[in-house]
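Welcome, and please load the model in your viewer. We will go from stop to stop, selecting residues as we go.

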Amino acid sequence: MQFHHYGYVSGDPRKQPATKEGLDRPDELPEKVDVLIVGTGPAGMIMAAQLAQFPNVRTRIIERRPGRLEIGHADGIQARSVETFQAFGFADRITAEAYRITEMAFWKPDPNRPEHIVRTARTPDDPKGISEFPHLIVNQARVLDYLAEAALNGPARIRPDFGIAFNGLTIDDEGDYPVRVSLRMNADTDQERERTVRARYVVGCDGARSSVRSAIGCKLVGDQANHAWGVMDVLAKTDFPDIRTKCAIQSRSGGSILLIPREGGHLFRMYVDLGEVPVDGSSAVRNTSIDQIIQKANDILAPYTLDVRNVAWHSVYEVGHRLTDRFDDVEDPSSGRLPRVFITGDACHTHSAKAGQGMNVSMQDGFNLAWKLGHVLSGIAPKRLLSTYSAERQTVAKNLIDFDKQWSSMMAKRPEEFDTPDELEAFYTRTIEFPAGFMTEYTPSMITSDAEHQALATGFPVGKRFKSALVSRVCDGNPLQLGHQAKADGRWRLYVFAGADAQKTASNTHRLAEWLANSSDSPLNAALLGSTWVDWFDVKVIYQQRHEEIAIEKVPDVFKPEVGPFALVDLENVFGVAPDEDIFDARGIDRDGAVVVVRPDQYVADVLPLTATDALTRFFGPLLKMDQ
């Protein structure tokens, strides 16, 4: 972790120096903002955390509640989310307080006594080792706390404006601040008053009943599954042996339970099958009492008993799957009109809670959009970059809903309805990569290439997230995960995997380094509005030799950039292979070398030969306004 760029730091190194918008940030909501985020849910707060890295962008985030969320209803944190938290700097801390899922137990009717349940299988949570990050359970409110800390510690010092409700908006499509937003200040108090704010862009992160969605004429379209579930977070005394293990429990009656242990010990969540909902019967189901949910849970758990001593929260819901036809305000993409208002998370896709995807996918919505807004509003990227948000994330949401329909229907089946006794656990194991968050694969666009040179790095599929591997840092010999060195700082990343002859001055690696540093066609030398290239690019080199075999003084300077006001030389971007794992073998990297281009949101944008300088120019030209 580096933090002495601007001089000696003796305080919290996670708190970056305030600059530009972060200096003397006014308490009162200004009349004009660049980005107005509506809602402090997971999507809204991760956007605030990312945009806090763009101090020249005036961002405000409003929330109707008077203060922080105390009890969140979401709790599942998939491995991809923990990977994202690593980039924001708090993965280790949230992991320490969370419950970690390592396996899932399956319970079914005992063949000898079918009125009783018996454990039939234990399945590893990540049997294929798809991620070094864990699958966690932690209260949504704590996730928001960590993201709020990251937003406040960023250079822009973003913090929520509580007690402000969204009333509506109109779009003028003219002027620098074309979105007129009507707000209610001091919402739900005796001092409530109306206020109008002008914004360049508005993002609705305001949930399934989104007012921003309604304001731009989007509707959630889909259906109910006509199946109801009671959910409860409880403290209980029980003789059920797997109470601290994630379980899928099916009883002879057809009733099912999904059991999720919670963080902190003792607390656990149960999704209790309440059965089919008759036509026009949803209101009766929603009136199911907590005592009835507990009784139903006891019926399913027999011969075990559940003595609930405390109920932290409970609810009743019907499974529904809904999706909007667009995630922004552009009704006709062929019109050439560019978006000004966006929606994220539950505002544009809803599904059941049992797959543990809602909070996770919502955060990836926000991560995807925030860096794009930061680049556009900083003036280095064209506005049409923002059109890629809806195009990319709507496909992800559709895939999620299709998956959740399968998982929800299987959880609702009676044991005798399965084709084979192990069908449920086989489905869980077979599809684990999807709920872990690693199946997202963006298709070719202005920020994702067509993968012409994929064979040069088969372990870094273009369009999928950059999968980390071990390397050894040359300057100090530390073994590190390469992907963990990437921070959520809004920068593009160039990973230069050097050829076998890279330490020779006539090598392709040296020629690429010379071109990156000095050519007018290099993206590093694009007109970046007076900033230096290290503000927008993170360039790392990985040699095929071990760290002690690499002469760091002979490494090209572009891999050892000068940073900060004192022009200090950064030596932490040069790596060799780790003693116990050769990243070139682990990720299928050609021994002649390759360049892996990675987006600010950690997705691989391109794989190229070391000699493909023209391709780098073509790729970044439209993104950095090099071709304008």
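Start by selecting residues 42-51, helix α1, and residues 140-153, helix α4: their axes come within 8 Å and cross at roughly 20 degrees. Axes here are lines fitted to C-alpha atoms, for helices over the stretch in contact, and angles run from 0 to 180 degrees between N-to-C directions. Helices (H or I, at least four residues) and strands (E, at least two) are DSSP runs, numbered from the N terminus.

Before moving on, two notes on what you are viewing. This is a predicted model, in which local features need pLDDT of at least 70 and side-chain atom pairs count only at pLDDT 80 or more, while totals for chains, interfaces and linings use all residues. Residues are numbered from 1 along each chain as its sequence is written, and side-chain values use heavy atoms, with hydrogens and water left out.

The α1 and α4 helices are therefore roughly parallel to each other (angles under 35 degrees count as roughly parallel, over 145 as roughly antiparallel, 65 to 115 as roughly perpendicular and the rest as oblique). To see the contact (heavy atoms within 4.5 Å), show Pro42, Met45, Ile46, Ala48 and Ala49 of α1 with Gln140, Leu144, Leu147, Ala148, Ala150 and Ala151 of α4. By class, this contact has 10 nonpolar, 1 polar and no charged residues. Ala, Val, Leu, Ile, Met, Phe, Trp, Tyr, Cys and Pro count as nonpolar, Asp, Glu, Lys and Arg as charged, and the others, Gly among them, as polar.

Next, select α8 (residues 358-378) and α9 (residues 387-412), which pack at an angle of about 170 degrees with their axes 10 Å apart. These two, α8 and α9, are therefore roughly antiparallel to each other. Display Val361, Gln364, Asp365, Asn368, Leu369 and Lys372 in α8, and you will find them meeting Thr388, Tyr389, Glu392, Arg393, Val396 and Leu400 in α9. Here the classes come to 5 nonpolar, 3 polar and 4 charged residues.

Now go to the loop between α7 (290-301) and β16 (306-323), where Pro303 lies. The peptide bond from Ala302 to Pro303 is cis, with omega near 15 degrees.

For the last stop, pick Asp24, in the segment before β1 (32-38). What is the phi of Asp24? The angle is near 50 degrees, a positive value in a residue other than glycine. For context, most residues other than glycine have a negative phi, and most peptide bonds are trans.
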